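Take a walk through this model, one region at a time. Keep the sequence at hand as you go.

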Amino acid sequence: MSDASYRDAIFSTPLDRVARFSFDERVVACFPDMIRRSVPGYGQILGMLGLIAGRHLRHGAHVYDLGCSLGAASLALAGQLPADAFRLTAVDISPAMVARARETLAAECPKHPIEVIEGDIRTLDYQPSGMVILNFTLQFLPPEDRESLLARLYAALEPGGVLILSEKMIDPDERDNAWRVERYHDFKRANGYSELEISQKRTALENVLVPDTLEAHHARLARAGFPRSLTWFQYLNFASLIAFKEA
């Protein structure tokens, strides 16, 4: 992204009370840096979206980028596919994210038919689409709302359509999970985060970001209607899945 952003220092000073994490103006200002230093493999996932779309998306089909934040997934598609290859609706519930995403997408890919709207993806009236992207979004919804959303997305997908689901994961084996978490914290330390920042952000995200196991994700996708899903990418405790609707 070419928009101005700042280094993530939100949790760099001791806080008497760590508030629940929210996608407010402070997060928007440093979000590109936060994602780059906090999500292993984020760039690789974005880089594959256009290639996946090139293989599975019908020319001119509609695409959803749900929980779009600053529009990185939308930008990735626009950067890899011509303007007439797809129409896209990017959705986020955060007004601050929506405002910045509109500015960024309008500046970076003005010829692509991309609409950015503010809304709750649980209640959106979905139109038929060839591809749905949920990049690190489902994990912020209440667990009881996740399956019903996926079922609605399955119904909205055209035959042959695909859903991309990227999430932070937990491992069912307690020892393996602890190893992945420890190495993830090493990843964050290597990217310049202090012990205080790691600890305070973990507290802020508690009960806000609620992860699932890979097995739970695949089982939920099957219950939502998808006959086939696979894990195509994993880096430590972050993974991306693709789910297919039969042609």
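**A buried strand residue**

Start with Ala243, which sits in strand E7. Strands (E, at least two residues) and helices (H or I, at least four) are DSSP runs, numbered from the N terminus. This is a predicted model, in which local features need pLDDT of at least 70, side-chain atom pairs count only at pLDDT 80 or more, and totals for chains, interfaces and linings use all residues. Residues are numbered from 1 along each chain as its sequence is written, and side-chain values use heavy atoms, with hydrogens and water left out.

Is Ala243 buried or exposed? Ala243 counts as buried, because its relative accessibility is 1%. The cut-offs are these: buried means under 20% relative accessible area, exposed over 50%, and partly exposed in between (1.4 Å probe, protein chains only). Leaving aside neighbours within four places in sequence, Ala243 is in contact with Gly161, Val162, Leu163, Leu221, Phe226, Arg228 and Ser229. Contact means heavy atoms within 4.5 Å. Look at Val162 in particular. Ala243 and Val162 are 81 residues apart along the chain, yet their C-alpha atoms are separated by 5.6 Å.

Gly161, one of those contacts, also ends an annotated span. The UniProt annotation "domain: Methyltransferase", from an unreviewed entry, covers residues 63–161. UniProt positions are given in the numbering used here, feature names are shortened, and annotations may be inferred rather than shown by experiment. In the model, the end C-alpha atoms of residues 63–161 lie 10 Å apart. The span is 37% helix and 28% strand.

Now turn to two loop residues. Phe136 is found in the loop between strand E4 (129–135) and helix H5 (143–156). Its phi is near 55°, a positive value in a residue other than glycine. Phe136 is buried, with a relative accessible area of 12%. Leu236 lies in the loop between strand E6 (228–235) and strand E7 (238–244). Leu236 is not a glycine, but it has a positive phi of about 55°. At 18% relative accessibility, Leu236 counts as buried.

From Leu236, step across to Trp179. The two are 57 residues apart in sequence and 9.1 Å apart in space, C-alpha to C-alpha. Trp179 lies in helix H6. It counts as partly exposed, because its relative accessibility is 47%.

Helix packing comes next. Two packed helices are described by the angle between their axes and the distance between the axes. Axes are lines fitted to C-alpha atoms, for helices over the stretch in contact, and angles run from 0 to 180 degrees between N-to-C directions.

H6 (residues 174–190) packs against helix H7 (residues 195–205) at an angle of about 125°, with their axes 10 Å apart. H6 and H7 are therefore oblique to each other. Angles under 35 degrees count as roughly parallel, over 145 as roughly antiparallel, 65 to 115 as roughly perpendicular and the rest as oblique. H6 passes H7 in a right-handed crossing. A crossing is right-handed if the near helix is turned clockwise from the far one by less than a right angle, and left-handed if anticlockwise. Val181, His185, Lys188 and Arg189 of H6 make the contact with Glu195, Ile198, Lys201 and Arg202 of H7. By class, this contact of H6 with H7 has two nonpolar, one polar and five charged residues. Here Ala, Val, Leu, Ile, Met, Phe, Trp, Tyr, Cys and Pro count as nonpolar, Asp, Glu, Lys and Arg as charged, and the others, Gly among them, as polar.

H6 also packs with helix H1 (residues 25–38), at an angle of about 130° and with the axes 8 Å apart. H1 and H6 are therefore oblique to each other. Arg36, Arg37 and Ser38 in H1 meet Tyr184, Phe187 and Lys188 in H6. That contact has two nonpolar, one polar and three charged residues.

Arg7 is found in the segment before H1. It is exposed, with a relative accessible area of 53%. Beyond its neighbours within four places in sequence, Arg7 is in contact with Cys30, Asp33, Arg37, Asn191 and Gly192.

Finish with helix H2 (residues 42–56) and helix H3 (residues 72–80), which pack at about 50° with axes 8 Å apart. The crossing of H2 and H3 is right-handed.
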